[in-house]
Structure formats: C-alpha cells, structure tokens
Amino acid sequence: MKKHRKFPLILKFTVAILIALTVLFLIPKSTQAFSLQKENFFNGEYWRILTYSFVHFNLTHLFENLVGLLLVGIIAFELGTSSNNYISTYFSSAIFSILPLWLLVSFVAAGSSAIVYALFGFVIFGIKKFDMPLSFIFVVALLTVFGQSIYYFIGGGRDLSPTVIQDLAHFSGLIFGIGIYFIIFSWKNYKDKKASFVLRSIN
Amino acid sequence: MEERVGSGVKGLDFMLKGGFIGGRNILLSGPAGSGKSTLALQFLYDGALSREKVLYVTLEESKDKIIQDMSKFGLNLEAMRKSGSLIMIGGPVAQVTNTMERVDANIYNIINEIEIVIKENNIKRVVIDSINLLTMLVESDGERRMALSTLSNTLSSLGCTSIMISETEEGTMKLSRYGIEEFIVDCVIVLYLVRQGSIFVPGVAIRKMRGSNHDKEIRVLKITDKGVVVYPEETMFGKI
C-alpha cells in the first residue's frame, strides 16, 4: 500500500495564512478596518497591532507578500526549521518588528512584508548546510532589503521617501527575525551545555 | 594489517586471535555476577598501563565503590585516576536519572557528553557500564536502535576501542537485553553462568567478531583474586 507523507505543520500554517490574507483582501474596506494607524490605535483599537499584517493595499502588494510567505515557508520546511519557532516568529514579528519605526515615523502600516523579512532573517541565519559565514548571509539579506532603493537611487529622478520607509520596515523585520534566531540559538546552546554536563556533575 | 588491542585477559586474547580489533565496538553481555565489569575494567587497566588514556562511564555503581571492589583484584584504579590515565564519570543509576531529569537531558545529551570527554582527553579505550540505562531512556525499539547506533558510530569515529556492557536475564540464551544491541556492534562477547548441580560455573564465548576469525567454543572463565581469568584450552561442556 502506498504510504502518504504527513503534511508538515510549517506548510499547513503557510497555506492557512495565504488563504486568510486572500480572504481578507476580498472583504471590502478591510484595509481601512484593520491597518495600523496612530489615531485609531491610540483610541483603543489595539488589535490593529496584529491585524495590520493581514490586510493589503492592493493586489500587487498582496501578491508580493503571498509569494514571499510561500517561498520562506518552503525554505523553512526544507531546512527543517522547528514549526513552533517558525509560528512564534511569525506572530511576534507581526506585533513587535515594526513597532519602533511606526512610533517614530508617521505612516499607515498594512501588509505582511515585515513578517516575511523577519521569517527570512530567522530562517537563513539557521542555515548550517552550506557552511556560509554569517557576514555573507547578512550582506545578502541587506541587499534583498535595500536593493530596490539602491536601484532607484542609482537611476535617480524619483522620490525615495515611500520606498525608504518601506525598506526600513522590512529592515526592522529582518533585524527582529535575526534577533529571535540568536535568542533561540543562545537559549538552545545554554540548555544543551547544561544537559551535556550530567555524568561529570556526579561525584 | 589491523591493529590489535589487548583485552587485559590473556586467555581471551588467545580466543580473539590476538585481541580486539582497534577502533571497534564490543558488546559484553551476561547475567549479574558473571564478571562483566571486572573484565571491562581489566581491559581499561591494560590500556592505562600502556600509557593510554582510558574512560570508564558508570551508569549503575558509584565510582568509589567500583574502585574499592576492584582493589581486591589488584587493580589500583585510584592510582590510575590520580595519574590522569583513567577518567571515571557517572554514578549510581538513581543519581544519573535524577540529574538528567533536573537538567532535562536525553540520551543524545549523554552521548554528546561522552564525546566531549573523549575529545578533551584524547581517550583511546572506553567502557560504558552499562548501556541498559541508556536503552531504557527511549521507548521504541526503533529509537533504541538509532540511539545505540549513534553511540557506536560516535565512539568508532573518535578512534576508540569500546566495550559496552549489557546485563542479560539469568538463564536466557539472549545476547542482550533487547535483542538489538548485538546487531549494532562489531564484536559480541557473552559471559555465561551455567548451573551444574548446586553451583554456577562461569564461561565465556565470542559470538560475533566482524573482520576476524575467532574461537567458537564456550570456554571456562574464573573470577580469581587477580580478576577474570579465561582458560582458552578448556571447554565448558565435555564432548560425549
């Protein structure tokens, strides 16, 4: 009898998120109702700190993030990333990654791109397979974030401020994801070190 | 030609056609009181006498008790320990399991710890006494096999000649507790306690040795005041 492989949790979660983002996009005025705006937020609509990541401004915006989430989900699955860590990074980055930037600069936040970059940072720093130095990974990640702004800057004649804010939001996400990776990695190292001192600790 | 490592028991070396093959894993099994720990410690003592660094991992008895018991066989483990050639880690089973629970350690952490000690001290011979606790830490045979295989590969990759002790039930012809250990190792030595009238007669047999010819008979073994002695010319059961 043919044995069916269990559908992994990371991919299940990714598909569920993709469906949720698409469904919310189809609901009229969802962006207005759920995006993160200072006025609404400070008037008690605190849920917006999470819900902004589920709504998008337009179809291109949605499509870019769907592709990003799908790719990063597949990479995470291929690299054997823990599903618990992946899901925790998703939600924690949704809430915290753009918060400092959003409090400093006035803009309406919507979309899951900061999460995509947070997950990207979290996942790629865990790559052990190819013996890549962390500095190289970081440079590649930075180019991914700022590539568009650099391209526009070289081309000239364009107002860079919207792109820069967008890139800074992505950068916040990336740094948040890398930070989460190092926190989890350090904690795991600490636990492993402690757990590998059993026999020597007995007199 | 492969390097041969003395077992510390002349008669056994004769049965092994010159000793264990260096860098291989040996399963030493038998019922309680058959001389497993004594034989394994003689193997380590032999290495320490040749200025090799050796490691004894106890997962059942306290180190002090082992040192005290072995001194009766003329094995001065304390002196070896002080000189740094013998390293002893572990302790009584209850203490090991309690510490493991406290720090949330699993079988792979224990294997990792053994690996760290071997690397840090350039160990050449290892005895794990016994692997029964390790095999009890996992539930399924599949996991057990995987864990033992990891341990065995780790020890081999570090170039150690290692003895893993397994306690078997009395009166059984099984080679190990779970019946999987013998498939993972390169060599299996079984100690027997055969009842003859009102006494138990100890014996030893080599049941498996990859890459080498070996003696096939069950030979007489005695636990004397000099430790385990094997009589490679004497068979346990006379031919009728």
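The model is predicted: local features need pLDDT of at least 70, side-chain atom pairs count only at pLDDT 80 or more, and totals for chains, interfaces and linings use all residues. Residues are numbered from 1 along each chain as its sequence is written, while chains are lettered from A and ligands numbered from 1 in the order in which they are written.

**Overall build of chain B**
- Chain B holds nine helices and 11 strands (DSSP runs numbered from the N terminus; helices are H or I, at least four residues, and strands E, at least two).
- Of the 240 residues, 44% are buried (20 or more other C-beta atoms within 10 Å of the residue's own, with C-beta atoms placed from the backbone).

**Strand β4**
- Five of the five residues of β4 (residues 54–58) of chain B are buried, so the strand is largely enclosed by the rest of the structure.
- B:Val54, B:Tyr56 and B:Thr58 point one way, and B:Leu55 and B:Val57 the other.
- β4(B) pairs with β5(B) in the parallel sense over five bridges (pairing needs at least two DSSP bridges), and B:Tyr56 stands opposite B:Met88.
- Five bridges also join β4(B) to the parallel strand β6 (residues 125–129) of chain B, where B:Thr58 stands opposite B:Asp129.

**Contact with chain A**
- 16 residues of chain B are in contact with 11 residues of chain A (C-beta atoms, placed from the backbone, within 7 Å).
- β5 (86–90), α5 (93–103) and α6 (107–121) of chain B each give two or more residues to this side.
- The residues on this side of chain B divide into eight nonpolar, six polar and two charged (Ala, Val, Leu, Ile, Met, Phe, Trp, Tyr, Cys and Pro count as nonpolar, Asp, Glu, Lys and Arg as charged, and the others, Gly among them, as polar).

Notes:
Two residues are in contact if their C-beta atoms, placed from the backbone, lie within 7 Å. A residue is buried if 20 or more other C-beta atoms lie within 10 Å of its own, exposed if 12 or fewer, and partly exposed in between; C-beta atoms are placed from the backbone.
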